[in-house]
Amino acid sequence: MDGEELRHGTLRRNVEKTLRLKLDMTKTAQPNYKGIILAGGSGTRLYPVTHVLPKSLLPVYDKPMVYYPLSMLMLAGIREILLISTPEDLPRFKHLLGDGSRYGVHFQYALQPKPEGIAQAFLIGKEFIGSSGCALVLGDNIFYGHDLVKELRAATLQPKGARVFAYPVNDPERYGVVEFDPHGKALSIEEKPKQPKSRYAVTGLYFYDRQVVEIAASLKPSKRGELEITDVNRVYLERNQLNVCVMGRGTAWLDTGTHEALMEASLFIQTLQKRQGLMVACPEEIAYRSGYITAAQLEALAQPMRNNGYGAYLTQLLRERVF
């Protein structure tokens, strides 16, 4: 083995070791913390590709888009998950994900008859949430970063209030924008401002305590006729219970709202996986490394896909030793 091969072998083992340590952290997440994936909407900005297929089932390189938000919840240690979608699309998600047992989690499904804002998810999922804390992730958001798992775990352990994530963007007027004081404390949050007070957008990943259902129920629809998630965050801010975590340079947040952004996301994932030899947002791997499923179960999942790269990767996991 030459020096270059040795260097790459050592790098791979270090990456695998880091991944194992990160995934081990998820085993101690709050057992009553639940997650919601909001995968509704008509996806008109991506027509005609979304004319017969929902946006969150479009491929992002080698896997359905919904695998990426699902992986965020799983990495946070959340195993009770509600997926919300339209009456037309919900059966497709059920066909893909089933009851969640293949990933060592449990799925429930709920209808969103008409899209009336992100905060509507808490009213639809009221019974599912109960008295638990709840994480909400949008079905078209993709996250990647070295310290991301640590931040997810910290969010589920926050005893009270809410935690959201801010990310610097070039076009903040498209998002909910958070304004900070010189010490990094959030001062205000504004939805799609014409003159943004900062370039920090609130991403589509939110963690809330049990107050969120009551807060969502108290909201009035905005001028757009929607229950705005920004209004939920504003209530927490007014109660001095909003923690805004700024994602650093080592983290990527990809919003797949346009054809160009969808292509960029696929190329980003392809580049990472090709360079590292590690798959991004593979729920089977997360389940296996977290101890949710056994080696025998992983092997059974890989068998039907043995003739493609995805199945080969799962099989390879069974052969590798993590140092």
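## Overview

The model is predicted: local features need pLDDT of at least 70, side-chain atom pairs count only at pLDDT 80 or more, and totals for chains, interfaces and linings use all residues. Residues are numbered from 1 along each chain as its sequence is written, and side-chain values use heavy atoms, with hydrogens and water left out.

The protein has twelve helices and 13 strands. Helices (H or I, at least four residues) and strands (E, at least two) are DSSP runs, numbered from the N terminus. Of its 323 residues, 51% count as buried. Buried means under 20% relative accessible area, exposed over 50%, and partly exposed in between (1.4 Å probe, protein chains only).

The accessible surface comes to about 15,900 Å², by the Shrake-Rupley method with a 1.4 Å probe; for residues, only the protein chains shown count as cover. Carbon and sulfur atoms hold 53% of that surface.

Helix α2 covers residues 67-75, and nine of its nine residues are buried. Among them are Y67, L70 and M74. Just after the helix, G77 takes a positive phi of about 85°.

The largest nonpolar core has 54 residues. Such a core is a set of buried Ala, Val, Leu, Ile, Met, Phe, Trp, Tyr and Cys residues joined through side-chain atoms within 4.5 Å. In the largest core, L83, Y103, F207 and L314 touch the most other members. Helix α2 gives the largest share of this core, six residues. Y103 is in contact with Y67, L70 and M74, and also with L97, P283, E284, A287, Y292 and I293, leaving aside neighbours within four places in sequence. A second, separate core of 36 residues includes A166, V202, V212 and L237.

## A buried cysteine

C134 lies in strand β6 (residues 134-138). C134 counts as buried because its relative accessibility is 0%. Leaving aside neighbours within four places in sequence, its contacts include Y33, I36, F122, Y206 and F207. The C-alpha atoms of C134 and R210 are separated by 7.2 Å, though the two are 76 residues apart along the chain.

## The largest pocket

A pocket is found on a 1 Å grid over the protein atoms alone, as an open set of points with protein on both sides within 12 Å along at least five of seven lines; a cavity is a set where a 1.4 Å probe fits but cannot get out, and lining residues have an atom within 4 Å of a point. Grid points are joined across faces, edges and corners, and a volume is the space filled by probe spheres set on the points.

About 1,300 Å³ of space lies in the largest pocket. Of its 49 lining residues, G40, G41, R45, I118 and D140 are the closest to its centre. β11 (200-208), α8 (229-238) and β13 (251-255) each supply at least two lining residues. The largest share, four residues, comes from β11. By class, the lining has 17 nonpolar, 19 polar and 13 charged residues. Ala, Val, Leu, Ile, Met, Phe, Trp, Tyr, Cys and Pro count as nonpolar, Asp, Glu, Lys and Arg as charged, and the others, Gly among them, as polar.

## The cavity

The count comes to one cavity of 30 Å³ or more. About 40 Å³ of space lies in the largest cavity. Its lining is V177, V178, E179, S188, E190, P193 and K197. β9 (176-180) and β10 (186-191) each give two or more of these residues.

Definitions and conventions:
Contact = heavy atoms within 4.5 Å.
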